[in-house]
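Here's a quick briefing on a single chain, sorted by topic. Have a look at the sequence and the model first.

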Amino acid sequence: LLMAKKSIIQRQFKRQKLVKKYDEKRNALLQELKLKTSFSQTLLLQKKLQKLPLNSCKNRLRNRCWKTGRSRAFYRDFGVCRHVLREMAHEGLLPGTIKSSW
């Protein structure tokens, strides 16, 4: 099995905590931006948004396999990467999943 580096997995956990911490603040600022009244107010709100940590943004998160931490070839339905999906399917741990042959 291919495992992601421990440092990368820890970095992901750190990002998840930051996203959770700043979620309300970021959403409030974005709502204010939508209801903007003047250009100067827009600039002020954008400055406030820029001061938030970069890693507190949701689009910085990656879907990762819960078993290996691998980020590529991730299947959302199962929450695992293709390697783990294949192993689990062979062991019969995924009900309704069958091996394709043609």
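This is a predicted model: local features need pLDDT of at least 70, side-chain atom pairs count only at pLDDT 80 or more; totals for chains, interfaces and linings use all residues.

What follows covers a helix pair, the cysteines and a few individual residues.

Residues are numbered from 1 along each chain as its sequence is written, and side-chain values use heavy atoms, with hydrogens and water left out.

- Helices (H or I, at least four residues) and strands (E, at least two) are DSSP runs, numbered from the N terminus.
- On the helix 1 side, Arg-26, Leu-29, Leu-30, Glu-32 and Leu-33 meet Thr-42, Leu-45, Gln-46, Lys-48 and Leu-49 of helix 2, where contact means heavy atoms within 4.5 Å.
- Sorted by class, that contact has 5 nonpolar, 2 polar and 3 charged residues.

**Cysteines**

- The disulfide count comes to 0, with a disulfide taken as a pair of cysteine sulfur atoms within 2.5 Å.
- Cys-65 is in no disulfide, and its nearest cysteine sulfur, that of Cys-81, is 3.9 Å away.
- Cys-65 is buried, at a relative accessible area of 4%, whereas Cys-57 is partly exposed at 23%.
- For those labels, buried means under 20% relative accessible area, exposed over 50%, and partly exposed in between (1.4 Å probe, protein chains only).

- Ser-71 sits in the loop between helix 2 and strand 1 (74-75), and is buried with a relative accessible area of 18%.
- Setting aside neighbours within four places in sequence, Ser-71 is in contact with Arg-62, Asn-63 and Arg-64.
- Met-88 belongs to helix 3 (residues 82-90) and is buried too, with a relative accessible area of 15%.
- With neighbours within four places in sequence left out again, Met-88 is in contact with Trp-66, Val-80, Leu-93 and Leu-94.

**Gln-16**

- Gln-16 lies in helix 1 and is partly exposed, at a relative accessible area of 37%.
- Gln-16 and Ser-56 are 40 residues apart along the chain, yet their C-alpha atoms are separated by 7.7 Å.

Note on methods: Ala, Val, Leu, Ile, Met, Phe, Trp, Tyr, Cys and Pro count as nonpolar, Asp, Glu, Lys and Arg as charged, and the others, Gly among them, as polar.
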